[in-house]
Amino acid sequence: MKNEHIILPSDPADAEDFDVTAEAMDRGQRARLIRRTRIELGLSQAEFASRFRMPVGTLRDWEQARVTAPDFAIAYIRVISLHPDLVATAVA
């Protein structure tokens with residue numbers, strides 16, 4: 001059974017909570033990691049995309065959870081968060 005068919009139920013005590021699929025939850029968590037990394041570096045989407053050599057449209061799609069960032073992209077983002085200058089130099 002695939003994760004996208006698993007429904008995570010809302011919290012009945014929280015009027016603003018809602019049911020969500022496991023796939024949607026994963027996509028949102030990945031989006032949050034990417035956005036948080038970029039913001040912690042103090043870069044705009046265009047600056048981040050340019051510095052780390054990725055299409056700005058792809059970055060926007062990932063940050064806005066329109067598209068699920070693939071595993072390799074999440075690994076790349078994690079390395080960027082740990083060593084931003086080293087990565088920027090390596091891809092320059």
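Val-20 lies in strand β2, which covers residues 20-21, in what is a predicted model. At 17% relative accessibility, Val-20 counts as buried, because values under 20% fall in that class.

- Val-20 and Glu-40 are 20 residues apart along the chain, and their C-alpha atoms are separated by 28 Å.
- Glu-16 is found in the loop that runs between β1 (7-8) and β2, and with a relative accessible area of 71% this residue is exposed.
- From Glu-16 to Gly-28 there are 12 residues in sequence, while the distance in space, taken from C-alpha to C-alpha, is 17 Å.

- Glu-63 has its place in helix α3, which is made of residues 56-63.
- Is Glu-63 buried or exposed? Its relative accessible area is 4%, and Glu-63 is therefore buried, since the cut-off for that class is under 20%.
- The side chain of Glu-63 is joined to the side chain of Arg-38 by a polar contact of 2.6 Å, and a polar contact of 2.9 Å joins the side chains of Glu-63 and Gln-45.
- When neighbours within four places in sequence are left aside, Glu-63 is in contact with Ala-31, Ile-34 and Arg-35, as well as with Arg-38 and Gln-45.

- Gln-45 lies in helix α2, and with a relative accessible area of 17% it is buried.
- Not counting residues up to four places away in sequence, Gln-45 touches Val-56, Leu-59, Arg-60 and Glu-63, and it also touches Arg-38.

**Packing of helices α1 and α4**

- Helix α1 (residues 22-40) packs with helix α4 (residues 71-82) at an angle of about 30°, and the axes of these helices are 10 Å apart.
- Because angles under 35 degrees count as roughly parallel, α1 and α4 are described as roughly parallel to each other.
- The crossing in which α1 passes α4 is left-handed.
- Which residues of α1 meet α4? Arg-30, Leu-33, Ile-34 and Thr-37 do so, and on the α4 side they meet Asp-71, Ile-74, Ile-77, Arg-78, Ile-80 and Ser-81.
- Sorted by class, this contact of α1 with α4 has 5 nonpolar, 2 polar and 3 charged residues.

**Two loop residues with a positive phi**

- Most residues other than glycine have a negative phi.
- Arg-53 is not a glycine, yet its phi is positive, at about 55°; Arg-53 lies in the loop between α2 (45-51) and α3.
- With a relative accessibility of 53%, Arg-53 counts as exposed, because that class holds values over 50%.
- Ala-65 is not a glycine either, and its phi is also positive, at about 60°; the loop in which Ala-65 lies is the one between α3 and α4.
- Ala-65 is partly exposed, with a relative accessible area of 22%.

Terms used: Residues numbered from 1 in each chain as written. Predicted model: local features only at pLDDT ≥ 70, side-chain atom pairs only at ≥ 80, totals over all residues. Heavy atoms only, no water. Helix = DSSP H or I, 4+ residues; strand = E, 2+ residues; numbered from the N terminus. Buried < 20%, exposed > 50% of the residue type's maximum accessible area, 1.4 Å probe, protein only. Polar contact = N/O pair within 3.5 Å; in protein donor to acceptor, adjacent residues only side chain to side chain. Contact = heavy atoms within 4.5 Å. Axes fitted to C-alpha atoms, helices over the stretch in contact; angles between N-to-C directions. Parallel < 35°, antiparallel > 145°, perpendicular 65-115°, else oblique. Left-handed = near helix turned anticlockwise from the far one by under 90°. Nonpolar A, V, L, I, M, F, W, Y, C, P; charged D, E, K, R; others polar.
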